[in-house]
Amino acid sequence: MSHNHINISLMKKIILTIITLAVATIAMAQSKQPDAEYNLIRRSYKVNSDSTMELRFHKEIVLLRNRAITAYADKGETFITYNPAFETLTINECYTIRPDGTKVNTPQNAFVLQLPSECANCGRLNDLREMAIVHTALEYNCTIVLDYTLKRRASFLAERFNLNQDCPVKRYEIRYADGHTDVHNNIPQTVNEPYMPVRTDYDIEFQLGAKPTYTAEQSLPDAATLLSSLKCSDSKEYAAAIRNWVVDYVTLNPVDLARVNYAMTPAAEVFNSNCGTLLDKTGLLAAMLNQAGFRATIVDNSLNVFGDRPLEVEVSINGNNYRLNASSKTPLLTESEKADAANVASAPVYIDRALEWKPDTIVDNYVRITLPVEQQGIRIDPAKLTPHRQSDVQTSATSEFYHYTLPLPKGAKLIGGEVNIEYTNNVGSINIIVKQKKNRLLITRSLRLRKALINKTDYPAFRQLMSDWNSHRELFFSL
């Protein structure tokens, strides 16, 4: 091979390496760049002299990357749900400003009225409408401008929203009905990571008008036959069975309760349609419990009724009061029993028990035993803990100790030898021991986590701890 040929091959490799590094550098730079950015979001509220109210929404968003155009429907399209029975939608402005400054108005055929998807299987709410706006002239560095007003013939409104969006917001204005304006600048984009602590620093919650009250219906004859089939001798089990039926068999329509004017549908209509909002399911549960002979009332949970948290139903059973949620199968506990359960959940975990030899066959003469995942223990999937994390991790301080013995058949041998992991770092400590003693396997696993909130400084140590804690749960044997 000639010297010139070697130089040419080497030169090609160098050029290829440079190109690869350049592409990687560009990719890394782009990954830090947001897909889009809001120049302005404005929400305005007004109460008119005729007691109607107006909500005006304005947004100006710049599309910065291809993903904003192709991957996210909330950038290239806007969906506005409203109820024509008492709401009127007016589009004030809708256009796109191209990078060269030219303005392209959104054509009329880009405004499509349709049925909201959540109402497709709920005939009682088929009158609701969704305005789908398909924005036009989308390209890099274009700006979408949308301004619309929703006029409501209603006396009450509760709003709960978060200022965070999935891209940064330069300016977010909230103009309240009483005349004052809140301005928030340079809001970072939302962080989409698991095990995040609850954030309330960007939450907004307020109401216009007096909150309606809800009264439980005292009977529901339509449910008599069903209640007979659910009835059992234990009153708590009977109440739980009724609640479970409502959770399982009444489809939840997640429509914003403002779209139904915060009205609770009569229980018979909800029962016969098998569909309802959070309010509707709560009213149905209370009515069914009263029909079954319990004394049930709807608990006033203030603004908990708005958003994803329903009202609760309180029922008296054998002199004790229990609160039931129409969308969750939580155990029926009194307030004191809930406090006791919380104490048990936070207490140290000690488990010492024998395991059964029930292996899974891998191939001939090779089997696998999977250790149990105890319900009381910490549940963190290390696969979801990325190497570089932007937010804190919300977990729980814990102290767990497990000792297992496993009888082995004659000739079974642990593959890989014994395990001995033991160390302490700045968030906790771990000890995992797996030993074979003739026809017995001895397993010790202990974990202590001293912190419930893991910050960025402690995150590498926590990630390592969780990775090791979830290791060696599958043990392999040759026979």
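How many helices and strands does the secondary structure of the protein come to? The count is nine helices and 28 strands. Both are DSSP runs numbered from the N terminus: helices are H or I with at least four residues, strands are E with at least two. This is a predicted model, in which local features need pLDDT of at least 70, side-chain atom pairs count only at pLDDT 80 or more, and totals for chains, interfaces and linings use all residues. Residues are numbered from 1 along each chain as its sequence is written, and side-chain values use heavy atoms, with hydrogens and water left out.

**Overall figures**

- Of the 479 residues in the protein, 41% are buried. Buried means under 20% relative accessible area, exposed means over 50%, and partly exposed lies in between (1.4 Å probe, protein chains only).
- The accessible surface comes to about 26,000 Å². Carbon and sulfur atoms hold 50% of that surface. Areas come from the Shrake-Rupley method with a 1.4 Å probe; for residues, only the protein chains shown count as cover.
- Among contacts with a separation of 6 or more, 71% join residues 24 or more positions apart. Contact means heavy atoms within 4.5 Å.

- Seven strands make an open, mixed sheet in the order 5-4-8-2-1-10-11. Two strands pair if DSSP finds at least two bridges between them.
- Strand 5 (103-105) and strand 11 (181-187) are the edges. Each has a single partner strand, so one side of each lacks a neighbour in the sheet.
- From one strand to the next, the twist averages 10 degrees. Axes here are lines fitted to C-alpha atoms, for helices over the stretch in contact, and angles run from 0 to 180 degrees between N-to-C directions.
- Strand 10 (residues 169-175) pairs antiparallel with strand 11 over six bridges. Ile174 has Asp182 of strand 11 as its bridge partner.

**Strands 15, 16 and 17**

- Strand 15 (residues 295-299) and strand 16 (residues 312-317) run antiparallel, joined by five bridges. Ile298 is bridged to Val313 in strand 16.
- Strand 16 also runs antiparallel to strand 17 (residues 320-325), with six bridges. Here Ser316 faces Asn321 of strand 17.
- Strands 16 and 17 form a hairpin with two residues between them. In the turn, Asn318 has a positive phi of about 55 degrees.

- Four strands form an open sheet in the order 19-20-28-23, with antiparallel pairing. Strand 19 (360-363) and strand 23 (413-414) are its edges, each pairing on one side only.
- Two bridges link strand 23 to strand 28 (residues 474-478). Lys413 has Ser478 of strand 28 as its bridge partner.
- Ile362, Val363, Tyr366, Ile415 and Phe476 form a nonpolar surface patch with about 430 Å² of accessible area together. Patch residues have over 30% relative accessible area and no salt bridge; like charges are joined within 9 Å, nonpolar side chains (Val, Leu, Ile, Met, Phe, Trp, Tyr) within 5 Å. A salt bridge puts a side-chain nitrogen of Lys or Arg within 4 Å of a carboxyl oxygen of Asp or Glu.
- Val363 lies in strand 19. Val363 is partly exposed, at 47% relative accessible area.

**Helix 9 and Glu418**

- Helix 9 (residues 459-469) has buried residues including Phe462, Leu465 and Trp469. The buried residues of helix 9 pack against several strands, among them strand 22 (398-407), strand 25 (428-437) and strand 26 (440-449).
- Glu418 sits in the loop between strand 23 and strand 24. Glu418 is exposed, at 54% relative accessible area.
- Glu418 and Val434 are 16 residues apart in sequence, and 5.4 Å apart C-alpha to C-alpha. Leaving out residues up to four places away in sequence, Glu418 touches Val434, Lys435 and Gln436.
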